[in-house]
Amino acid sequence: MFKKLANYSIKFLGLLTLFFVAFFLVKDFIIYSKKERNNNEFNFIVFGNKFIPTETIKLKASNNNSYDNTYDLLINDLKIVSGSENQKIVIVEEKSPIFFDHKKIYITHNQSIDNDKYLNNIDELPYVNLDINDELKYDAALKKIEMIIGELNSDHNNLYKELELIEYDQNKFLKLKINSCNIKLIKIDNNFASIMRNDIKDKFKSLEFFMNKENKEITEISEIDLRWNNEGYIIWEDKF
């Protein structure tokens, strides 16, 4: 009888030992598999990006060494949320760029990335073409252009959405192109520091008032002169 009990005890202990060995082996395998998935096998689904390419966001989310940190300037916030066993959801809040020129894409007048960095929907931004060679004057002009675009965006969003071009030419005219309508905004003889926010506000208000009074859309007008050396009168030329 005692021999039978001893044999049963030995068998039980052997089975118990095998159970614990198998348990810890399986546990280690599961932990290892999860680590491997965290690093390599998740499928990232990206939401919220308009300008930054989806593949670029995936590189950042996966901590891939190929990610270009330059794009961080365009990211205000990025959250990674578990979706399913093999998926993660990436939610991006972008800092939208405001314009671009022949060299750079600008998030603000003094914060930019080189325009050889690929962005989606870049053609939706206004292009800035300034005939200014002096670097300090160019930077000062960009600051005022950011202000002008800000005024359009905040108070005249219908015009802002159609803004195609801001140009300062050899004749010292600052001009806008809005849906193919050429607008002479102001003549700048000395420097852009002379442009005052209230003057820009008044010009855009006058433009909206004129369009409402004449019952015209911007698409019906080929050219508008908003300079105030003509005593405040708006000069325009209809499209034919």
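Asn-179 lies in the loop between strand E9 (173–178) and E10. Strands (E, at least two residues) and helices (H or I, at least four) are DSSP runs, numbered from the N terminus. The structure is a predicted model, in which local features need pLDDT of at least 70 and side-chain atom pairs count only at pLDDT 80 or more, while totals for chains, interfaces and linings use all residues. Residues are numbered from 1 along each chain as its sequence is written, and side-chain values use heavy atoms, with hydrogens and water left out.

Asn-179 has a positive phi of about 50°, although this residue is not a glycine. Most residues other than glycine have a negative phi. The hairpin of E9 and E10 has two residues between the strands, and Asn-179 takes its positive phi there. Asn-179 counts as partly exposed, because its relative accessibility is 22%.

E9 and E10 pair in the antiparallel sense over six bridges. Two strands count as paired if DSSP finds at least two bridges between them. Leu-176 has Ile-183 in E10 as its bridge partner. Ile-178 has Cys-181 in E10 as its partner. E8 and E9 also run antiparallel, joined by five bridges. Here Tyr-168 stands opposite Leu-174 in E9. The hairpin of E8 and E9 has four residues between the strands, and Lys-172 takes a positive phi near 70° in this hairpin. E10 has a further pairing, with strand E11 (residues 221–225). This one is parallel and has three bridges. Asn-182 stands opposite Glu-223 in E11. In a regular strand the side chains alternate between the two faces of the sheet.

Aromatic contacts were examined next. A pair of aromatic rings is described by the distance of the centres and the angle of the planes. Rings of Phe, Tyr and Trp (its six-membered ring) pair if their centres lie within 6.5 Å; planes under 30 degrees apart count as stacked, over 60 as edge-to-face and the rest as tilted. The structure holds three aromatic pairs. One of them joins Tyr-168 and Phe-192 edge-to-face, at 5.0 Å centre to centre and 70° between the planes. The pair links distant parts of the chain, 24 residues apart. Tyr-168 belongs to strand E8 (residues 163–168), whereas Phe-192 is in the loop between strand E10 (181–187) and helix H5 (197–214). Both Tyr-168 and Phe-192 are buried. Another ring, that of Phe-173, has the charged end of Lys-184 over it, 4.8 Å from the ring centre. A charge sits over a ring if NZ of Lys or CZ of Arg is within 6 Å of the ring centre and within 35 degrees of the ring normal.

The loop between strand E6 (111–114) and strand E7 (127–130) holds Asn-121. Phi of Asn-121 is positive, near 60°. Asn-121 is partly exposed, with a relative accessible area of 31%. Pro-126 is found in the loop between E6 and E7. Pro-126 counts as buried, because its relative accessibility is 3%. Pro-126 and Tyr-160 are 34 residues apart in sequence, and their C-alpha atoms are 9.2 Å apart in space.

Pockets were then located. A pocket is an open set of points on a 1 Å grid over the protein atoms alone, with protein on both sides within 12 Å along at least five of seven lines; lining residues have an atom within 4 Å of a point. Grid points are joined across faces, edges and corners, and a volume is the space filled by probe spheres set on the points. The largest pocket has a volume of about 290 Å³. Of its 14 lining residues, the closest to the centre are Lys-104, Tyr-106, Glu-135, Tyr-138 and Asp-139. Helix H3 (135–155) and strand E5 (104–108) each supply at least two residues of this lining. The largest share, four residues, comes from H3. By class, four lining residues are nonpolar, five polar and five charged. Ala, Val, Leu, Ile, Met, Phe, Trp, Tyr, Cys and Pro count as nonpolar, Asp, Glu, Lys and Arg as charged, and the others, Gly among them, as polar.

The second largest pocket has a volume of about 210 Å³. Its lining includes Pro-126 and Tyr-160. Seven residues of this lining are nonpolar, two are polar and three are charged.

Terms used. 1 Å grid on protein atoms, 1.4 Å probe; cavity = no way out; pocket = protein on both sides within 12 Å on 5 of 7 lines; lining within 4 Å. Buried < 20%, exposed > 50% of the residue type's maximum accessible area, 1.4 Å probe, protein only.
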